[in-house]
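Hello,

Here is the structure I promised to pass on. My notes follow below it.

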Amino acid sequence: MSIPFLKGHGTENDFVIVPDPDNALDLTPAAVAAVCDRRSGIGADGVLHVVRSAAHPEAKGMAADAEWFMDYRNGDGSIAEMCGNGVRVFARYLQHAGHVTEGDLAVATRGGVKTVHLAKDGDVTVGMGSARLPEGDVTVSVGDRTWPARNVNMGNPHAVAFVEDLADAGDLYTPPPFSPPSAYPEGVNVEFVADRGPRHVAMRVHERGSGETRSCGTGACAVAVAAARRDGADPSVTGTPVTYTVDVPGGRLVITERPDGEIEMTGPAVIVATGEIDTEWLEKAVR
């Protein structure tokens with residue numbers, strides 16, 4: 001017995017893709033964590049569970065708008081609302097499998113239905129929706145240093161801190177402490193950001209449930225929003241779209257925020273391998 005899978009990445013934010021159109025698999029948190037383990041498993045930042053929306057209880061209400069649901073799981077097995085790089089790789093899988101072709105499609109997520117465009121040049125653009133900017137002061141810390149952070153919600157929570165040097169973020173093995181605790185009752189993705197030039201920044205991120213990752217799509221969007229507010233370039237005020245280039249350890253993303261609040265993210269998405277998960281191994285791994 002085996003479970004088919006694929007491996008893919010978007011700016012080196014990597015995923016195990018598990019096609020399961022009828023939602024027949026019981027992907028427990030322990031099973032997901034075992035698969036994502038980089039030494040004893042396949043290794044990934046998370047799992048993209050590919051299910052038809054009509055077959056999943058959390059997505060049935062979106063089935064009329066999006067045939068496919070991205071049931072995303074973090075590397076530790078926990079459930080996440082959204083993953084921007086994951087959506088791009090999810091769309092690339094649908095194209096790879098022959099479910100869609102170049103052009104526009106819709107993908108259901110726990111953060112709502114996302115619009116996706118598969119371009120001929122290989123890049124994938126995702127309509128990420130709009131950001132919410134909860135009020136209240138937030139800080140994040142590394143060691144004995146503390147920085148003010150911008151609270152940005154992209155369907156999942158982010159704390160964006162601007163630093164002099166990305167090395168200030170430390171090793172990011174463990175979640176950076178934040179304050180007040182009430183700002184993020186279910187944890188937070190923390191981005192540390194340094195300037196590289198006009199409308200050009202670089203970032204490192206600790207993703208909730210995964211540790212430091214090579215890229216984070218929703219994080220890059222949160223960073224662009226925070227940078228635009230810091231730079232006085234809020235599109236809702238200026239009436240002009242603003243675009244930021246965001247360098248991540250695994251590559252580069254381009255983020256555009258429009259005056260109506262809609263945010264678009266463009267970047268690569270690659271399928272690198274296919275294979276089978278041995279169910280006997282998986283059963284032993286989760287005991």
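Of the 287 residues in the protein, 53% are buried (under 20% relative accessible area, with exposed over 50% and partly exposed in between; 1.4 Å probe, protein chains only). This is a predicted model: local features need pLDDT of at least 70, side-chain atom pairs count only at pLDDT 80 or more, and totals for chains, interfaces and linings use all residues. Residues are numbered from 1 along each chain as its sequence is written, and side-chain values use heavy atoms, with hydrogens and water left out.

Overall shape: the C-alpha trace spans about 55 × 40 × 30 Å along its principal axes.

The protein has 5 helices and 18 strands (DSSP runs, numbered from the N terminus: helices are H or I with at least four residues, strands are E with at least two).

Look at strand β4, residues 68–74. There, 7 of 7 residues are buried. Trp68, Met70, Tyr72 and Asn74 cover one side. Phe69, Asp71 and Arg73 are on the other.

Now its neighbours. Strand β3 (residues 46–52) pairs with β4 in the antiparallel sense, over 7 bridges (pairing requires at least two DSSP bridges between the strands). Arg52 has Trp68 as its bridge partner in β4. Strand β5 (residues 103–109) runs parallel to β4, joined by 2 bridges. Ala108 in β5 stands opposite Phe69.

Best wishes
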